[in-house]
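Keep the structure open next to the text and follow along.

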Amino acid sequence: MPETPEDPLLLISPEPLPALPYAFARDHGVALDGSTVVAGPAATLTGLREAQRRAGLAAPLDMPDAAGFEAVLARLYHSAKRDGEAQGVSFDLVDDAAQRRGRDLLEDAEEAPVIQLVNQLLRKAVLDGASDLHIEPHEGGLRARMRIDGFLQTVMDRADVPVKRVVSRLKVMAGLDIAETRLPQDGRIPLRLGGRMIDTRVSSLPGNYGERIVLRILDRAAGLMPLEQLGLDQAQIALLEKLAATPNGIILATGPTGAGKTTTLYSLLKLADREERNIVTVEDPIEYDLTGISQTQINAEIGMTFAAGLRATLRQDPDVILVGEIRDGETASTAAQAALTGHLVFSSLHANSSVAAVVRLRDLGLENFLISATLRGVIAQRLLRRLCQDCRQPHPPTESEVRQFHMINMPLPTELHVAKGCPACNGSGYVGRIGIFEILPVDEDLREAINYGAGEGALWKSTLEPRDRLIGQALRAVALGETSLAEALRVVGDGA
């Protein structure tokens, strides 16, 4: 017997639709804002009649300009909150890839609940600001988890979900081979959510109980935050502006995966963006759309690697080049040669600290003289979870907490805060994240130490004071009540 949309497999309960579906409101230029009919400049008679039918003939009429109408649509449909208010927006494929591959067999009527479940999981992940969505088959059924603020949260764990159908639906959307279940596969799903462009990178991995799917969610229309909102103080912003104005050399952002390196590099690009500069990027993946900047996507399967892309950009008369990541000696060497020939190169590197980036470049095969001649600055960063301002609890510092501040000669605050948990933060005690930054400009003394092959310990002695390192920046955030000491030590250690 065919399943109905009321089937219990729909874990996430259906949410009430807005008075007008998003697609109808957008195409006909009308919307219902409570009991008010909002008509844009392109409103159609059909749209007005339908809006008046639902709201009543006596409903008040608001007629904003085009920008005002877009703002109303954004408020009503795009900015739904976590508590589940009006989410009548559903996902659609951006292009007709599914149709080109042939009819999607999952579109049959009896499979409709599976499609709804997948769409609801994707929608919830995007609206909750998740960076990843995990679909994990296990012995007891299917589990779905979202990574929010760096931590995974379970949103579904059911035994009555048709695991293979859900996995197949995601593979079809990503253009993967649903018949191949023994090998890992990678794909992407371009989506729209209420007019917002959402790009998801899909990875499948065979397991004991079925294929595990992980989706990396990239909201390419999200835009970049101002430097002040990233957690930088005024002195650090001034230093970054100075680095971005450098005519040539290499500027690196270091840190673990998910530390926000790409966001920092994009912010530097915005600082370096001038009408007279040609800015080119080579990325994998392209995470944000940057106006006025030429962005290139890496495709290793056809030989378009970071090194190949970087060599190609050098023939495009660039002034500033962003290389998504320096992963190997070839990319490192090409970046150094580009810097020597008068280009400014931004890139990311996996290293634990700013000074460790020098050692990592040596490991990749760069000579000391090349590093000292081309490296202009290194930014090491981490993301700390921000304390929920509604429920954080103040307390006087304990003896062990006092020692942490005394170790690096920082002033001791009169009170610290710990996470408690409340409905506003879903019981976690934290809402959002804040960045901490260790910015190391390469001056003459450091350049000479690098040239003579000094080790990491010797390099530290001629660089930053402890309060300017990651541990010092973390304790500064603790003293300001932005995060807890436990969170700071979890992310950066004790600095000993």
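Predicted model: local features only at pLDDT ≥ 70, side-chain atom pairs only at ≥ 80, totals over all residues.

Setting aside residues up to four places away in sequence, Leu459 touches Val355, Val358, Leu446, Ala449, Ile450 and Ala454. Leu459 belongs to the largest nonpolar core, which has 37 residues, and together with Ile250, Leu252 and Leu375 it touches the most other members. Another core lies apart from that one; it has 33 residues, and Val114, Leu127, Met173 and Leu215 are among them.

| Helix pair | Axes come within | Crossing angle |
|---|---|---|
| α5 (residues 112-127) and α6 (residues 163-173) | 10 Å | roughly 70° |
| α8 (residues 234-244) and α9 (residues 261-272) | 9 Å | roughly 65° |

Take α5 and α6 to begin with. The axes cross at roughly 70°, and that makes α5 roughly perpendicular to α6. α5 passes α6 in a right-handed crossing. On the α5 side the contact is made by Val114, Ile115, Leu117, Val118 and Leu122, and on the α6 side by Arg165, Val166, Arg169, Leu170 and Met173. Val114 and Met173 are also among the members of the 33-residue core.

Now for α8 and α9. With 65 to 115 degrees counted as roughly perpendicular, these two helices are therefore roughly perpendicular to each other. The crossing of α8 and α9 is right-handed. Leu240, Glu241 and Ala244 of α8 meet Leu268, Leu271 and Ala272 of α9.

**The seven-stranded sheet**

In what order do the seven strands of the open sheet run? The order is β13-β12-β14-β15-β11-β16-β19, with mixed pairing. At the edges sit β13 (294-297) and β19 (430-441), each of which pairs on one side only. On average, and ignoring direction, neighbouring strands here are turned by 20° against each other.

Inside the sheet, β14 (residues 320-323) and β15 (residues 344-349) pair in the parallel sense over four bridges. Ile321 stands opposite Val345 in β15. Helix α18 (residues 485-492) packs on the sheet, where it touches β16 and β19, and its direction makes about 140° with that of β16. Helix α17 (residues 470-479) lies across β16 (375-387) and β19, running at about 145° to β19.

Is Glu283 buried or exposed? This residue lies in strand β12 (residues 279-283). Glu283 has 2% relative accessibility, so it counts as buried, the cut-off being under 20%. Leaving aside neighbours within four places in sequence, Glu283 is in contact with Tyr266, Gln295, Thr296, Gln297, Ile298, Phe306 and Leu322.

**β5 and its partners**

Strand β5 (residues 132-138) is mostly covered, with six of its seven residues buried. β5 pairs with β6 (residues 141-148) in the antiparallel sense over seven bridges, and the two form a hairpin with two residues between them. In this pairing, His134 stands opposite Arg145 in β6. β5 is also joined to β10 (residues 212-219) by four bridges, and these strands run antiparallel. Here Asp132 stands opposite Arg216 in β10. As a reminder for reading such pairs, in a regular strand the side chains alternate between the two faces of the sheet.

β1 and β2 (residues 36-39) run antiparallel and are joined by four bridges. Val30 stands opposite Ala39 in β2.

Methods
Residues numbered from 1 in each chain as written. Heavy atoms only, no water. Buried < 20%, exposed > 50% of the residue type's maximum accessible area, 1.4 Å probe, protein only. Pairing = 2+ DSSP bridges. Core = buried A, V, L, I, M, F, W, Y, C linked by side-chain atoms within 4.5 Å. Contact = heavy atoms within 4.5 Å. Axes fitted to C-alpha atoms, helices over the stretch in contact; angles between N-to-C directions. Parallel < 35°, antiparallel > 145°, perpendicular 65-115°, else oblique. Left-handed = near helix turned anticlockwise from the far one by under 90°.
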